Amino acid sequence: MAGPRTPPYYSPTYKPNAANFPSSPYSIRINVYTLAIAITFLCSITYLFGRGSISTSPVSNVAATIPCIPLKITSTSAASNNSKISSSSSSTSSQLDFSTNQGDDEGEGVVPDDSVKVYPACDIKYSEYTPCEDPQRSLKFKRDRLIYRERHCPDKSQLLKCRIPAPYGYKKPFKWPKSRDLAWYANVPHKELTVEKAVQNWIRKEGDKFRFPGGGTMFPNGADAYVDDIDKLINLKDGSIRTAIDTGCGVASWGAYLLSRDILAMSFAPRDTHEAQVQFALERGVPALIGVLASKRLPYPSRAFDMAHCSRCLIPWDQYDGEYLMEVDRVLRPGGYWILSGPPIRWRKYWKGWERTRDDLNGEQTRIEEVAKKLCWKKFVEKDDIAIWQKPYNHFQCKEQKKKLMCPAQDPDKAWYTELSTCVTPLPEVSSEEEVAGGQLEKWPKRLHAIPPRISSGTVNGVTAESFEKDSQLWQKRVSYYKSVDNKLNQPGRYRNLLDMNAYLGGFAASWIDDLVWVMNVVPVEAEVNTLGVIYERGLVGTYQNWCEAMSTYPRTYDLIHADSIFTMYKDRCEMEDILLEMDRILRPEGSVIIREDVDILVEVKKIADGLKWDTLIVDHEDGPMEREKLLFAVKSYWTAPATQDSNNTSANPRMI
C-alpha cells in the first residue's frame, strides 16, 4: 500500500437519518421509493385530467409545468437506501442517479458507466503543478522587474486533462491551531528552506514532520514577539485593524500569528528559488496566494487593507519612480499603515551584515521617504528595526498631488492583468479634512454585519442596504442547510481552508465566522458587479479570478470549495471540464465540494465529477424539491501516487488507498 492514510475515510454526500444526525428544519427525510410512487401518481393525474383541470393545486401546478422523469435508483445495500436519499425535479428527459458511490476496499470508488469520461492520473512530476506560474513556461518571459514570475497561463491546447496526484504518503493536515506549528513532510517534501533559512529559524524538519518556530529574517525572537513589537507602536487590539497584506511573506508566520489577534492577513510570495513558501503557508492553514509585485496590479480592490507589511521582502520600493509603493497606496485603506523592517531600516547597525555600503542604504531610505511624501503619507514612527508610515484619511490637503501625480479618471478597483502606473490613485472626495474618504468603517467584529460604506453611499450598482441584509440572512439559512446535509461541516477542525468561487457580498464567508475556518472569497472578473471592495469592507479577504484560468495557488490548497452558479456564468466562455479539473487540482484529498446550479447544468457537472472519481450526490434546494436549482455535494477520493513511478510514464495508474 502507499503511505499511511488518515482514518476513517468519510463521505459527506448523504442525507443523515434520524439515527445519525439531530433533527433539522431543512433535512429531507422522504423515502426514495415513496417519492418515486408519488411522482408516478402525479404524472398519471396530469396525463388523465390535463394541465388546466388541476391548476388550483400548488403541487399539481409544478407537475404540470415540469415534465415527470423516471428516477434511476442505485444502491449497494438496503441500509444505504435509508441513509443516502435524494430527490430532484428536472426538465430533461435523462435519468438522474442520486445514489452515493461508496469507495471499494482500495478507495477506487464505483467504476463509472460507459457514458462517463474517466480522467486518468497525471504523472507524479505534476504533483505541485501551478499552471499559471509554471517555472518552465516562465523562462520564456522577461526577467526585468520579475515579469517572468507573474501569471502566464497555458493556452487551451496545453491544458492538462488529468488528475493531479498527491505525493506518496500524503496525510490529512493537522487541525488548526496545531497546523500553525506543524505540517507533514510527505505533504510538502521540500527541505530547501530548512537549510537555507536554518539560522533564521523559519522551518525545521523533525522526523516525518516540519515545525514552524515562527522565526524570520527580521524577527529573531519569533513572529509572535515581532507582532507584539508592532502592537506597541500601533494598536492591534481595538478592532480598528482587521485586514492586512504581507508582501513577500516567506512561510507566512507574520500572518499566522496575527490570526490570534483577530487580524486576517493576505500573504503572498512568488514561486521562486525559495521552493514552496506559499505551499507551506497554506498547509499551515494560513491565507496565501502565489504572487509578485512586478508590472501588474495586485488582484485586490482599492482601499482593501488596514495594514500592509514588508519584512525584508526584497521589493525595490525606491525604484521605478515609486510605482510599487503607489500600488501599496492603492490597496491601503485611508488611515492605513505601511510597515517596513529590514533593508534599509536601521542600516547604521546592519550595513555590514547586509553587505552593502552606508551610502547605498542611506540613499535607498531617502528615496523611500521621498516617495512616501509624494503619496501624502506621514512617518508615524521608526523604532529599532521597524518603520511605520500612515496613509492620509483623505486627499483634502494634497494639493500638489492633485495637480501633478493623481491618476486620470479610471476604475481604481480594476486589478486583473491591469498595468501598474506611476500615479496616485485618488481617494473619494470629501467635504472636510476630518472626513474619512469612502466612509468610516466600524471596528471588528461589528464591521462584519454593518452596512459597508460602498453600499450605503450607493456606489455598488444594484445593491442597497436592504438587499445586503437580505443576502446575509439568505446565506445564514443556506449554510445552516449545508450543515444539516453534511454533518462533517459541524465538526470543529474538519475543514480549515475554504474557497467561495463566486462570493458576491461575502455572505457565505460571514456565515462561517464562528468556525475555525477562513474563506478565500473570489469575485470572478466576469461578474456583473465588482463587489470585492464590499467584502473587504466587511473585514473579509478575497481575490479576483477568471475561472477559465487556473488559480494562483498550489495543488491541494482547499478543504472545501463552494461554487454558486459558476457553471452558468462560464457556460459560453470555457469548458466545464476544465473548471472542474482545476477544482480537483486545488482540492485536498477527502476535501468537499458544494455546487449550486440549475438541475440541467448540475446533471452535466455530476457526469464530469463522477469521471474525476468524486463521490457525488444531488440534493434538493433548501426551499424544497419544487425549486429548479439543486445542490451537488461531493467528496474527492483519497489517493496518492505510488511509492515509485516512472516520471516518463504519464499514463501510470495511481495507487489508491
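Strand S17 (residues 587-598) and strand S19 (residues 629-636) run antiparallel and are joined by seven bridges. Strands are DSSP runs of E with at least two residues, helices are runs of H or I with at least four, and both are numbered from the N terminus. Within this pairing, Leu631 of S19 is the bridge partner of Arg596. The model is predicted, so that local features need pLDDT of at least 70 and side-chain atom pairs count only at pLDDT 80 or more, while totals for chains, interfaces and linings use all residues. Residues are numbered from 1 along each chain as its sequence is written, and side-chain values use heavy atoms, with hydrogens and water left out.

Both strands belong to an open sheet of seven strands with mixed pairing, in the order S15-S14-S13-S16-S17-S19-S18; two strands pair if DSSP finds at least two bridges between them. Strand S15 (542-545) and strand S18 (614-619) stand at the edges with a single partner strand each, so one side of each is left without a neighbour in the sheet. Neighbouring strands are turned by 20 degrees against each other on average, direction ignored. Helix H18 (residues 576-586) lies across strand S13 (497-500), strand S16 (558-564), S17, S18 and S19, and runs at about 145 degrees to S17. Such angles run from 0 to 180 degrees between N-to-C directions, with axes fitted as lines to C-alpha atoms, for helices over the stretch in contact. Helix H19 (residues 599-611) also packs on the sheet, touching S17, S18 and S19, where contact means heavy atoms within 4.5 Å. The direction of H19 makes about 160 degrees with that of S17.

A further open sheet consists of three strands in the order S3-S5-S4, with antiparallel pairing. Its edge strands, S3 (182-184) and S4 (204-206), each pair on one side only. S4 pairs with strand S5 (residues 209-211) over three bridges, and Arg204 has Arg211 in S5 as its bridge partner.

The count of salt bridges comes to 46, a salt bridge being a side-chain nitrogen of Lys or Arg within 4 Å of a carboxyl oxygen of Asp or Glu. In the pair formed by Arg478 and Glu629, the closest N and O atoms are 4.0 Å apart. Arg478 lies in helix H14 (residues 465-485) and Glu629 in strand S19, so the pair ties together parts that are 151 residues apart in sequence. Arg478 is buried at 11% relative accessibility, whereas Glu629 is partly exposed at 21%; buried means under 20% relative accessible area, exposed over 50%, and partly exposed in between (1.4 Å probe, protein chains only).
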